[in-house]
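Good morning, colleagues. Please take a moment to look at the sequence and the model, and then I shall walk through a few local features before turning to the chain as a whole.

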Amino acid sequence: MPPAWLDAALGGVLGLVVGSFLNVVVHRLPAMMYRGWLREAADNLMAADPRMGVPVSLWDLVFRGQRAAPAQLHASAAAAGAALQALPRLDLLRPGSRCDHCGHPIAWYENLPVLSWLALRGACSACRQRIGARYPLVELATGVLFALCAWRWGLGPTAAAWALFAALLVCQFLIDLDTQLLPDPLNYLLLWSGLVAAALGWTVPLASAVWGAVAGYLVLWCFFHAYRLLTGKEGMGYGDFKLLAALGAWLGADHLLAILLLSSVVGALLGGLLLLRGRLAHKDVPIAFGPFLAGAGLLCLVLGPAEVRHLAPFAFPF
């Protein structure tokens with residue numbers, strides 16, 4: 001059996017490589033989602049045209065033939081659809097990485113985690129525009145988290161499962177911070193992989209994982225509807241429900257209270273600080289809650305189960 005430090009080193013190197021890919025996911029996945037939503041909107045606004053695979057338009061479904069669609073609606077939707085169709089392909093693999101400023105294709109030796117950024121002094125080799133420090137920081141953070149998983153559990157399926165947990169939370173943290181979106185594909189992958197890992201005996205007992213997922217979703221679902229009834233406003237998005245459910249599936253029901261306390265207290269303190277410093281115009285400006293949930297989940301991974309339970313005054317009795 002290799003020593004723990006060697007496991008950690010190998011895990012860290014893998015984490016650096018995965019962190020480089022996470023930067024791509026964080027940058028491209030929201031753009032892919034926006035494209036999909038615009039394409040769906042254009043299709044739904046089209047007048048009924050069986051030749052285009054749209055037997056009934058959204059307009060017809062809403063107005064039931066009581067009001068004709070404006071003549072310009074079809075033309076606008078068709079123009080939007082054509083413009084979207086003309087866009088170059090965008091997914092997590094293609095096109096290759098390139099500079100956001102000048103479009104310079106990034107060679108493989110310019111894409112080495114952390115090292116290339118340092119060698120290029122944080123600037124594009126073609127146009128010399130600055131490359132944000134967040135890219136190497138994400139790579140370093142992912143490397144540290146993977147090294148921790150490998151050191152704690154050794155190189156095996158348990159460490160791989162928790163490394164996946166960490167990688168998905170890093171993505172959700174950054175995407176919600178940038179866009180106030182928590183993509184369903186990542187939330188669902190996090191949720192189902194947590195339940196599968198529990199069923200295979202790699203994480204928490206399966207009963208705790210199932211109850212954690214159920215309670216995690218219902219707690220924020222109830223808060224959402226209670227807040228809306230009292231204020232007439234929506235306090236959070238459905239993505240937050242799903243993310244807490246996923247955290248419950250991975251960490252178990254007895255971690256939920258600690259996660260909620262950590263994320264809520266930090267969120268309230270940060271919101272108050274931003275308000276006092278004038279970074280928020282008023283108290284009703286929305287602040288993404290997902291980064292605080294994801295950050296609390298990562299803290300649970302770093303500290304370990306026993307220490308996290310001490311952060312809450314009591315635990316859910318499941």
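I begin with Gln180, which counts as partly exposed because its relative accessibility is 43%; buried means under 20% relative accessible area, exposed means over 50%, and partly exposed lies in between, with a 1.4 Å probe and protein chains only. Gln180 sits in the loop between helix H6 (157-179) and helix H7 (184-199). Its phi is positive, near 60°, in a residue other than glycine.

The model is predicted, with local features needing pLDDT of at least 70, side-chain atom pairs counting only at pLDDT 80 or more, and totals for chains, interfaces and linings using all residues. Residues are numbered from 1 along each chain as its sequence is written, and side-chain values use heavy atoms, with hydrogens and water left out.

Which other residue has a positive phi although it is not a glycine? Val114 does, at about 65°. Val114 lies in the loop between H3 and H4, and it is buried, with a relative accessible area of 15%. In the loop between H3 and helix H4 (115-119) we also find Pro95. A cis peptide bond joins Arg94 and Pro95, with omega about -5°.

Let me turn to the helices themselves; here helices (H or I, at least four residues) and strands (E, at least two) are DSSP runs, numbered from the N terminus. The protein chain has 12 helices and 0 strands.

Helix H3 (residues 71-86) has 16 residues and reaches 24 Å from its first C-alpha to its last, close to the 22 Å expected at 1.5 Å a residue; the expected span is 1.5 Å times one less than the number of residues. Which residues of H3 are buried? They are Leu73, Ala77 and Leu84. Seen down the axis of H3, these buried residues fall within an arc of 25°, so they line one face of the helix; the arc is that of the directions from the helix axis to the C-beta atoms. On the other side of H3, Ala71, Gln72, Gln85 and Ala86 are exposed. The cover over the buried residues of H3 includes helix H1 (4-45) and helix H2 (58-63), where contact means heavy atoms within 4.5 Å.

Helix H5 (residues 134-153) has 20 residues and spans 28 Å between its first and last C-alpha, close to the expected 28 Å. Its buried residues include Pro136, Phe146 and Cys149. Among the elements covering the buried residues of H5 are H1, H4, H6 and helix H11 (290-303). After H5 comes Gly154, with a positive phi near 75°.

Next, the surface. Leu206, Val210, Trp211, Val214, Leu218, Trp221 and Tyr238 make a nonpolar surface patch of about 630 Å². Helix H8 (residues 206-231) gives the most to this patch, with 6 residues. Val210 is found in H8 and is partly exposed, at 38% relative accessible area.

Finally, the chain as a whole. Buried residues make up 40% of its 318 residues. Among contacts between residues at least 6 apart in sequence, 69% join residues at least 24 apart.

Terms used:
Patch = residues over 30% accessible without salt bridge, like charges linked within 9 Å, V, L, I, M, F, W, Y side chains within 5 Å. Areas by Shrake-Rupley, 256 points an atom, 1.4 Å probe, with all protein chains shown as cover. Salt bridge = Lys/Arg side-chain N within 4 Å of Asp/Glu carboxyl O.
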